Amino acid sequence: MSEMANESTGRAQQAGQTAKQEASATAGQAREGASQVVGTATDQVRAVTGEARAQAGAMAGDLRTRVSEEAESQTRRGAQVMRQWADDLSGLADSADTDSPARSLVTQAADRGHRAADYLDARGVGGLVDDLQDFARRRPGAFLGGAVLAGFAVGRLAKAGSKADGSGQDRSAQSRTAGSQSLTGDAAPPGLPGHGEV
């Protein structure tokens, strides 16, 4: 009977060792699987991040190109408008009296307009920006003063434009109000004050 007990104990120990080995093998496989999943997820995150960066870089490059093209287009249009104004001024100067002092001023303005239009055509936005940066480096005080004056002038023009729009609306509202008051006064019965009496 003791022999049987020894035998059962030996089998139980073997079963226990086998279970331990299988458990450690399963735990090892689980760790290996988990590390593979983490590695795959990390690779996927890196791939997605890299793709997002590439797309963002492509979009930023595309946006820069579009902005640059639009700025060049606006510069060309500005040069055309300036050239047209200069041509108009030249026409005015040609039709003015030869000894008029205004003629020389108009001629100078037309010449400067033509030179500015030629400059914009030749240099474009890039040249204009480079020249502004160079001027700002050489003479920062003059650049800042010019920027302040330009801002003041733009503000005044905007304010004058908004007043012109507002005054046009105010005048039409006043004329409507005055018209309705005169109608009301004329439509009043003869016995009431305000009907033709002062």
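Among contacts in the protein chain between residues at least 6 apart in sequence, 48% join residues at least 24 apart, a contact being a pair of heavy atoms within 4.5 Å. The model is a predicted one, in which local features need pLDDT of at least 70 and side-chain atom pairs count only at pLDDT 80 or more, while totals for chains, interfaces and linings use all residues. Residues are numbered from 1 along each chain as its sequence is written, and side-chain values use heavy atoms, with hydrogens and water left out.

The secondary structure comes to 3 helices and 0 strands, with the elements running α-α-α from the N terminus on. Helices here are DSSP runs of H or I with at least four residues, strands are runs of E with at least two, and the numbering starts from the N terminus. Of the 198 residues in the protein chain, 6% are buried. Buried means under 20% relative accessible area, exposed means over 50%, and partly exposed lies in between, with a 1.4 Å probe and protein chains only. The chain exposes about 15500 Å², of which carbon and sulfur atoms supply 59%. Accessible areas come from the Shrake-Rupley method with a 1.4 Å probe, and for residues only the protein chains shown count as cover.

Threonine 75 lies in helix α1 and counts as buried because its relative accessible area is 11%. With neighbours within four places in sequence left aside, alanine 93 is in contact with Arg103, Val106 and Thr107. The C-alpha atoms of alanine 93 and alanine 110 are separated by 8.6 Å, the two residues being 17 apart along the chain.

Turning to charged side chains, the structure holds 6 salt bridges, each defined as a side-chain nitrogen of Lys or Arg within 4 Å of a carboxyl oxygen of Asp or Glu. One of them pairs aspartate 62 with arginine 66, with the closest N and O atoms 3.2 Å apart. Both residues lie in helix α1 (residues 2-95), 4 residues apart, or about one turn of the helix. An α-helix has 3.6 residues a turn, so residues three or four places apart point the same way. Aspartate 62 is partly exposed, at 36% relative accessibility, whereas arginine 66 is exposed, at 55%.

The side chains of arginine 83 and aspartate 118 meet at 2.6 Å, N to O. Aspartate 118 lies in helix α2 and arginine 83 in helix α1, so this pair ties together parts that are 35 residues apart in sequence. Arginine 83 forms a salt bridge with aspartate 121 as well, at 2.9 Å, N to O. This second pair links distant parts of the chain, with arginine 83 in α1 and aspartate 121 in α2, 38 residues apart. Through shared partners, salt bridges join Arg83, Asp118 and Asp121 into one network. Each member is partly exposed: the relative accessible area is 23% for arginine 83, 42% for aspartate 118 and 32% for aspartate 121.

Finally, the surface carries a nonpolar patch formed by Leu128, Leu132, Phe143 and Leu144, with about 340 Å² of accessible area together. Patches are made of residues with over 30% relative accessible area and no salt bridge; like charges are joined within 9 Å, and nonpolar side chains (Val, Leu, Ile, Met, Phe, Trp, Tyr) within 5 Å. Helices α2 (101-138) and α3 (140-187) each supply at least two residues of the nonpolar patch. Phenylalanine 143 is found in helix α3 and counts as partly exposed, at 31% relative accessibility.
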